[in-house]
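I opened this structure to look up a few things for my notebook. My notes follow in the order I took them.

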Amino acid sequence: MSERWVYVACTCYRDGLLLSDPPISRSEVVFDRYGNVMEKTSRTPEDDSDEFWDWRSERACIHYNMRFVEEIWDARNWRSDDQVAEAIASGRFPHLEEVLDNSQWFTAATILATPQLAAKAIADFDELAQVIPRIGQLATTPMNWTTGLWPFLFVRKFLDASALTGNPLVGYHSVSSLGFEQ
Ligand SMILES: [Zn+2]
């Protein structure tokens, strides 16, 4: 199954919220630029030993794969709602626009938003939700998943996660690297 996903890595390792110790010495544990915990000797987390991989995905903390949030993502037609398209065209929400534009298409793992951009995009999101109340209500209303609105159901949660953890929003394709699928 080929899908696009977005995640924000958790900070349990950094914050000392582990459920069990890593199978290697802590001096041998590092972070990659996406905020993923990995072995110092690995080029990417996907090179990690099976032992470390199993620990990270199942036992390290309360999050599967040490991801604070993760969802299937499809922002390709995020401008297809007329009201959204019109609001965005006004240029009043440049940071949110940047995040969603970055999220439209990606193949290999990509940083869709730094925590700094995410923080600015949250302010844009809230302002957009004032202009289009449907956006802010998505989480509590049934919706048609074929509309362009559905990225908005998740984007605020991801922006919040990024601003909170200091880790970036990372997009990846399920057949590309950093999917951590074994
Ligand atoms: Zn965690």
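**Entry 1: Glu39.** I started with the contacts of Glu39. Leaving out residues up to four places away in sequence, I found that Glu39 touches Ile24, Glu28, Val29, Asp48, Ser49 and Phe52. I note here that the model is a predicted one. Glu39 belongs to strand β3, which covers residues 37-39. Is Glu39 buried or exposed? I count Glu39 as buried, because it has 20 C-beta neighbours inside 10 Å. The cut-off for buried is 20 or more. I also checked Pro22 against Glu39. The two are 17 residues apart in sequence, and their C-alpha atoms are 9.9 Å apart in space.

**Entry 2: the domains.** Next I looked up the domain assignment. It gives domain 1 as 4-70 and domain 2 as 73-169. Their C-alpha centres lie 27 Å apart. To the contact, domain 1 gives 11 residues and domain 2 gives 14 residues. Which strands supply at least two residues each of the side of domain 1 that touches domain 2? I found β1 (4-9) and β4 (67-72). The largest share of that side comes from β1, with five residues. By type, the side of domain 1 that touches domain 2 holds eight nonpolar residues, two polar and one charged.

**Entry 3: the sheet.** I then followed β1 and β4 into their sheet. The sheet is open, has four strands and runs in the order β4-β1-β6-β5. Its pairing is antiparallel. Why is one side of β4 and of β5 left without a neighbour in the sheet? Both β4 and β5 (110-113) stand at the edges and have a single partner strand each, so one side of each stays without a neighbour there. I looked at one pair in detail. β1 and β4 pair in the antiparallel sense over five bridges. Ala9 stands opposite Arg67 in β4.

**Entry 4: helix α7.** Last, I checked the length of helix α7, residues 150-165. At 1.5 Å a residue, its 16 residues should span 22 Å. Its end C-alpha atoms are 24 Å apart, which agrees. I listed the buried residues of α7 as well: Pro151, Phe152, Val155, Arg156, Phe158, Leu159, Ala161, Ser162 and Thr165. One general point belongs beside that list. Residues three or four places apart in an α-helix point the same way, because there are 3.6 residues a turn. After α7 comes Gly166, with a positive phi near 80°.

Terms used:
Residues numbered from 1 in each chain as written. Predicted model: local features only at pLDDT ≥ 70, side-chain atom pairs only at ≥ 80, totals over all residues. Buried ≥ 20, exposed ≤ 12 C-beta atoms within 10 Å, placed from the backbone. Contact = placed C-beta atoms within 7 Å. Expected span 1.5 Å × (residues − 1). Domains from an automatic or database assignment. Nonpolar A, V, L, I, M, F, W, Y, C, P; charged D, E, K, R; others polar. Pairing = 2+ DSSP bridges.
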